[in-house]
Each structure stands twice: as C-alpha cells, then as structure tokens.
Amino acid sequence: MIKHLLISAAIVTASFATASAETVRWARAGDSITMDPHAQNEGPTHTLSHQIYDTLLHRDMAGAIIPSLATEWAALSDNPNVWRFTLRKGVVFHDGSDFTSEDVVFSLNRAMADGSEMKELLSSVKEVRAVDSHIVDVETNGANPLLINNLTNMFMMDKGWSEDNKVTTPHDVAKGETNFATMNTNGTGAFMLVSRAVDEKTILKANPNYWGKDIYPNQVTEIIYTPIQSSATRVAALLSGEVDIIQDVPVQDLGRVSASADLQLATAAQNRVIFFGLDTVNGPTANLKVRQAMNIAINRDSIKKIVMRGQSDPTGVIMPPFVNGWTEALNQHPQYDLNKAKALMKDAGYSNGFDIVLNCPNDRYVNDESICQAAVGMMAKIGITVTLDAKPKAQHFPIAKGGEADFYMLGWGVPTFDSHYIFNYLVHSQTNDRGSWNPTGYSNADVDAMIVSLESETDLTKRDDTIAKIWAAVQVAQMYLPIHNQVLNWGMRKDIMFDVQPEDTPLFQFLTFK
Amino acid sequence: MTFIILNRLFQAVLVLLFVALISFLIFRFVGNPVENLMGQEATLAQRAALEEALGLNDPIHIQYFDFLWKAVRFDFGNSYRGALPVAELIASRLPATLELALTSALFAVIFGVFMGIYTAINRGSVITNFILSSSLIGVSLPTFLIGILLIWLFSVELNWLPSFGRGEVVDLGWWKTGFLSESGLKSLVLPAITLGLYQMTLIMRLTRSEMLEVLRQDYIRLARALGLTNKAVYFFHALPNILIPVITIGGLQLGSVIAFAIITETVFQWPGVGLLFINAVYFVDIPVMSAYLLLVGFAFVLINLIVDLSYFFIDPRLRDSELKDEA
C-alpha cells in the first residue's frame, strides 16, 4: 500500500515537475488554539501543527502509520522496555539548524512537562536517551507495545530555538502563562508559517528545504487557512469560489456541493463512534433487560436515513473500523425489534415503562441533538418517556462524565487506533487515573485486570485474544448502546485530488492537482 | 455641566460593578473550562488539580473580588483559549468591530433620516409605499437570516462581494484598518448592511412619524405663510425639532450595534470582539467573557453620557434651564 502510494506519488511529482505555483485556500469550522504543539491535544490544533511540525512517525491519508522523522523503529530484542528510533538524516528546521537526536530528547521531555496536554500519551515513558546523533532510545516502565501509536501527534521542536526563545516548556494555562511558541514556529514540516491572525487568517508557504520533497507530491506552494464558523457561510464561500477546500461540510448542504459543476465531495469513514451511555447501578437502566430492550428499540437504519441523510455507518460496537480489535461480527448492529423489546421490558417488570432524562450535547457531533430527538421517539414506542436535555458541550461533558446522568450521548475517537484506548477510558472502573469517561458504574475486576495487562503484553496474538475477551464482556454488559460511526465530508474544487483522512487531518504535501 | 459628568461617571462605575457581578453569577452556568483545557486523556485527579489551580472551586464572591481587584489595574489575565493576554486580544480585535459598527451606524443614520424625511413629505407615493412595506423586512427578519440571504445573493449568485472575512487590512501600527484597501471596503458592505438594517428601519420610521408630527405644528404653517421655500421649511425649521428623539434612539442603538455585532460577526467570520466573545463562550473562556462584558457595559454608559450631553448643544431650552439652575 505504502509502496504503491509512494510510486504513484513519484510519478505524479515527475509529471507535474513544471506545474506552476499553486495556492490552496482552505477553510474549516474552528481555528487552531495555539501554535505551541504540546500545549493542546485537539483536532484543529494538531491539524495546523502537522503542516509545520513533523512527528517521528505519522498516519498517512489512509490512516496507516508511515515513517516521518524516524525512518526505522523497533523494540530492542534483548530489552522489550526500550524502543529504538533511527532518525532521518539531512533534515533541517525552518531556521536552518540540523535536526538531531538531542531535539528528539528535548521534544519528548517537553511533551511530558507540566502544562503539556500531550503528557498522558507518554505516561509510560521512563527516560529518553540519545544513543548517537541520529539514534534515540525511549525506555518505558515495563514493555509498551503501543508506544508508537501514541507518537503520531507528538511534534518535534528545535532545542536551540526553544532555549533561545525561552519556550522549553509548554505554556501552562493554570499559571496564566503565555509564550513565544504560541504565535511563532520552527518546525521541519512541509510548510512554514508566514503570518497568523487568530480566527482570521493563517498563511503558510512551502518549505524549500523540506526533507520530503522527493517523497510526496508537494504541489501546493501556499496555504491560506481561514476558519469560518458559520456552516452556511462556509459552504457559500466554497460555492462562490472564495475557498478551494472545506472540511466539516454540513449534511444538509452535501447535495448542493456535489451538484455544483466546479466542485466535488470526498467522503470517508471517520475515526469517531457515537453512542448512548446508561447508568448500570441506579434506576431502571440498572436492569440488563431494560438495556437490552433499549438497544433493540433504536432503529439505527432510520437514524442513518432520516437524521444523517445517509451520512453514517450504523454499528453494534463502540469502536470505529480502523481500530485494532474491530471485527465484522462485532460491527453487526442489532436487529430493530419492537416486539422483542416490549417483551424484555415486560420481563424486567417495566411493562408500563418509566421516565428518564437523556443528556445530549448540541454542538459537538454531527446532528447530535437530532439523533437524541429521534431516540426520544423510539424509546416512547416501548413505553419509556424520555425528557431531552440538550446543552453545549462545555456543560454536557461535566454532566455526562460526572455520573449524574442516567442516559447520555457520547462520541469517541481513537487516536491510537487500538482498543486499549477505548477500554482504558470507557470500560475500566472509574478510578483516579483510569476510567475517567466511564460514569456508567460498570466495574468488573477481571476486565480491569485484563485492560491493564494490555499495556505490557508484547505477544501480539495473546494481546488480541485479551482484547476480544474484553469486547465480549462489554457486549454482554451493554452499558453502551452504539449508534453509528460518523462519516467525514470534504468539499473541494474539482481539479484537486485529495483523499479524506480518517482523523480529519489533511496533510497538504499529499495534495495533487489534475 | 461638570457636575453632570461627575454624576454620570459615578453611575457608570456602579453599572460596571453590577455588570461584573451578574456576569460572574452567570458564569457558573456556562460550563466547566477544564473540559476544554485538558485533552480527553486527562485523569480525574489532573482535572481536579487544574480546577483548584484556576480558582474555580473558590466561592463566587472570592472569584468576583479577585477579578475586580485585577480589573481596576487593567489586568484581565490570560485567555484560556490560546493563552494570550486578554487586554491585548481585545485591543487587537476592537478595530474590526468599531469599523463595522461605525459603518453600519452611518448607513443606518444617513439612509434612515433621509428615507424618513422623504416618506413623510411624499405621503402615499408609490416609492414611499414601497420603502415602507419593504422596510418591514428589516424589522421582522432575524439578523443571521438577512446575512445569509445577502451572502447567497451577492456572493454565491452574483459573485460581487466576498462572503466572509475582512479582506486586506492595512496595519497602521496601532490600528488595523480595512478602510484603505479595495477588498477591505468590499468586505465591509454586506456585514454593515446586515448589522445596520434593523437600526436603519427604526430610525426611518421614527424620523417619519416625528416629521409628520412637526409638519402639523403652527410654526410650520407660519413658515409656509411667510412664503419660505419647501427646502427651508423642511430642513431649517422642521428637521432640528425632530433631532432629539432621533439622536436618543440612534445613540442607544449604536451601543446595541456594538453589542449585537456578535451575530453578524459570526455569520461573516468578521474578526472582531463579537466573534472573540462567541468563541470564548463555547470554550468557557472566563477571562475573555468577563472583560468583554465589562467593555460592552462601558460602551453603553459612555454612549449614554455623550447622548445626554449632546442635548445641550441641540436644544437651547435645556441650555437655558441649566444656566438658570446654576444662577
């Protein structure tokens, strides 16, 4: 796959060697929050950082891990606790200084410092050591087969530049700090920051000394990035030709974009699953039969058809298809069966139904509130009277997570592409350092032990078996009612060739023009 | 005069204290900023530690007085979103909002007053009826819908004007202006109309009814009997008498134009303080929200003061009574 991609990329590059300077005007709903690459762990912020900064390894436009600043990586054969990374030679930062192992040691330590929002992903790291100028060892507390999955958004900064500008740690919001790296950059990436006005316009130009010049097409010479919050305006800007590519195309406007003669729509499955959570300790939902009844009372196909206008993939498991552990069998969503659901309600002693509040966000997921409204109607058919409480995400998440909600909506993306990331936050019992997103009260000591064992199991077959066992337990307990995986839509000019990346992260060095 | 200004300034301080208090009471219902500040990987212990460090667990009156103590020294802290100093952020966004507000206020006053006079003088004409009935759109349609309609017509269908942003801005060092470039001026047209349409309609209807009222007065009849030209009657005898209510409403509306630019700025991605505020609300960026609300409160108080003082220059009776009081 990668080989194929590189070859086709090389051909494209060769045939477009004489292509003229191409500017791409790009818009999406939200702006990056900060240019400091370790200060926030958030989609739009990482996306902009990816154009300017590189990681040791990253995910290509299809979601597969490919080499970036590291060309090779492997755990040491005599010590599985140490990952060895061989760095790419001849890489320079935008200011001309060389990229060496001391920058990697510095950057990983910076990402683990107080104030970094990336430190959780590196919590297993004990020490980072430079072996020579282009070899780095990362030692973990116990073997960590997943370490590389956690490095795909871990950006590399220049040690010298950071020291000169006093940005050796990320700005710590709690201390009210601000720093030079918030608005200034020095990466090794395909593009260099020219100017930036927050929420207004960010201009990037191609890096003439980019190490990937001969690897990727690199046909874009300039990027003008403008966040446009209002979805109607964003679509209008694309239709009127003021921008060339937009992310976050609202589902109601998909038809308008694809109907335009000059535009096209690129669609792909997103790495984000949407589901409902249920309280398994108190109230009627503590009864497994009630949860089973609610699960088959949800008509996922009609949610897809009516609420999502076809833009979703109904699922039977709270796991997007990219994730290690995903199987077709798990993904099979339960048959909608009203009679069986009513019978289950009767068995549970709730033939007259009950009242419950559904907590729902209204500004987080695609059509989140409408999905909840649909669920209200579907639950009414089996006698459950649902009161919908839809709030902005800043208010919804504390309620959903704090254990106050009996019935709530949540979405989950899996940046590590491994089931452990779902288990650790959503399935493990809620403790101080695990299960922070599991307010359902579900707590199973055996499952907890299996989840922890995944972190150090280096025998991948055995590990996959454990993952399958945990999923089996989750599917039986049904504290979550899966709904669907979201679908990503990018609207763009017809002459642009660009695959939709499953993490919604366009990497512009891959973009080509027809 | 000095007494009135001092009195008003004292009232202003009270109003601002009150605004700050109300906003602090509201902030508790906006949500928890920690949600946005920490990635989804953060543990419960880390969240609790950050809440403590930000002082979110302090009683509301402690947070309030802490904010006031810093605010009197113009220290509004750093934004949670992006970590830039709030004072700097607002200062960098204010020119965009003020230019937009000024343009739409001028649009509203000029078109409002002239169309108001025209429709009062030419009662029952076809043009008057057209203006009056179409002006209902201005008062009845919500701002965001007008904005989207204008974008659809002038950007998507006709391709005349840009649908978003501020175009090229010229940096004067202390002020970034869109007035000095073609794309900046073009970008200003749709948002200014969207923002000013309601005010224009209001001013037009007010001018028209005041004008009709004044034209019935004896001194107008006398002026006509003296054989003065229509122009002299309308503009030198009638117009000054309708200005007081028009200025009062117009001035108050200027405050709302600044405050309600939020919606227009969101529709047109206009990089002003309104957009800053909306993003702050989504992010629960308490330092930015509280500073913005104080700013808007201050703008209202200041505009009211200016409106009050302007009466003295327009209405000779007020000047005279003031002199008598002092004498």
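## Strands and a helix in chain A

Lys205(A) stands opposite Glu222(A) in strand E10 of chain A. This structure is a predicted model, in which local features need pLDDT of at least 70 and side-chain atom pairs count only at pLDDT 80 or more, while totals for chains, interfaces and linings use all residues. Residues are numbered from 1 along each chain as its sequence is written, and chains are lettered from A and ligands numbered from 1 in the order in which they are written. Helices (H or I, at least four residues) and strands (E, at least two) are DSSP runs, numbered from the N terminus.

Two strands pair if DSSP finds at least two bridges between them. Strand E9 (residues 201–206) of chain A pairs with E10(A) in the antiparallel sense, over four bridges. E10(A), residues 222–227, is also joined by six bridges to strand E1 (residues 23–28) of chain A, and here the two strands run parallel. In this second pairing, Thr23(A) stands opposite Glu222(A).

## An enclosed helix

Helix H2 of chain A covers residues 43–52; nine of its ten residues are buried, so H2(A) is largely enclosed by the rest of the structure. A residue is buried if 20 or more other C-beta atoms lie within 10 Å of its own, exposed if 12 or fewer, and partly exposed in between, with C-beta atoms placed from the backbone. Among the buried residues of H2(A) are Pro44(A), His46(A), Leu48(A), His50(A) and Ile52(A). The cover over the buried residues of H2(A) includes E1, E9 and E10 of chain A, together with strand E8 (191–197).

## A four-stranded sheet

Elsewhere in chain A, four strands form an open sheet in the order E4-E5-E7-E6, with antiparallel pairing. Its edge strands are E4 (70–75) and E6 of chain A, each of which pairs on one side only. On average, and with direction ignored, neighbouring strands of this sheet are turned by 20 degrees against each other. Axes are lines fitted to C-alpha atoms, for helices over the stretch in contact, and angles run from 0 to 180 degrees between N-to-C directions. Helix H3 (residues 101–111) of chain A packs on the sheet and touches E5 (82–87), E6 and E7 of chain A; the direction of H3 makes about 170 degrees with that of E6(A).

Strand E6 (residues 125–132) and strand E7 (residues 135–140) of chain A pair in the antiparallel sense over six bridges. A hairpin through two residues joins E6(A) to E7(A). Within this pairing, Val125(A) stands opposite Thr140(A), and Arg129(A) has Asp137(A) as its bridge partner.

## Chain B and a pair of its helices

Chain B contains 14 helices and two strands. Its C-alpha trace spans about 85 × 65 × 35 Å along its principal axes. Of its 327 residues, 38% count as buried. Two residues are in contact if their C-beta atoms, placed from the backbone, lie within 7 Å. Among contacts in chain B between residues at least 6 apart in sequence, 71% join residues at least 24 apart.

Two packed helices are described by the angle between their axes and the distance between the axes. Helix H8 (residues 182–215) and helix H11 (residues 261–268) of chain B pack at an angle of about 150 degrees, with their axes 10 Å apart. That angle makes H8(B) roughly antiparallel to H11(B), since angles under 35 degrees count as roughly parallel, over 145 as roughly antiparallel, 65 to 115 as roughly perpendicular and the rest as oblique. From H8(B), Leu190(B), Pro191(B), Thr194(B) and Leu195(B) meet Ala261(B), Thr264(B) and Phe268(B) in H11(B). This contact has five nonpolar, two polar and no charged residues. Ala, Val, Leu, Ile, Met, Phe, Trp, Tyr, Cys and Pro count as nonpolar, Asp, Glu, Lys and Arg as charged, and the others, Gly among them, as polar.

## Where the chains meet

In chain A, 37 residues are in contact with 43 residues of chain B. Helix H5 (231–239) and helix H12 (393–401) of chain A each supply at least two residues of the side of chain A that touches chain B. The largest share of that side, five residues, comes from H5(A). By class, the side of chain A that touches chain B has 15 nonpolar, 14 polar and eight charged residues.

## A residue of helix H12

Ile399(A) is found in helix H12 of chain A. Ile399(A) is partly exposed, because 19 other C-beta atoms lie within 10 Å. Leaving aside neighbours within four places in sequence, Ile399(A) is in contact with Asn359(A), Glu404(A) and Ala405(A). The C-alpha atoms of Ile399(A) and Pro439(A) are separated by 9.5 Å, and these residues are 40 apart along the chain.
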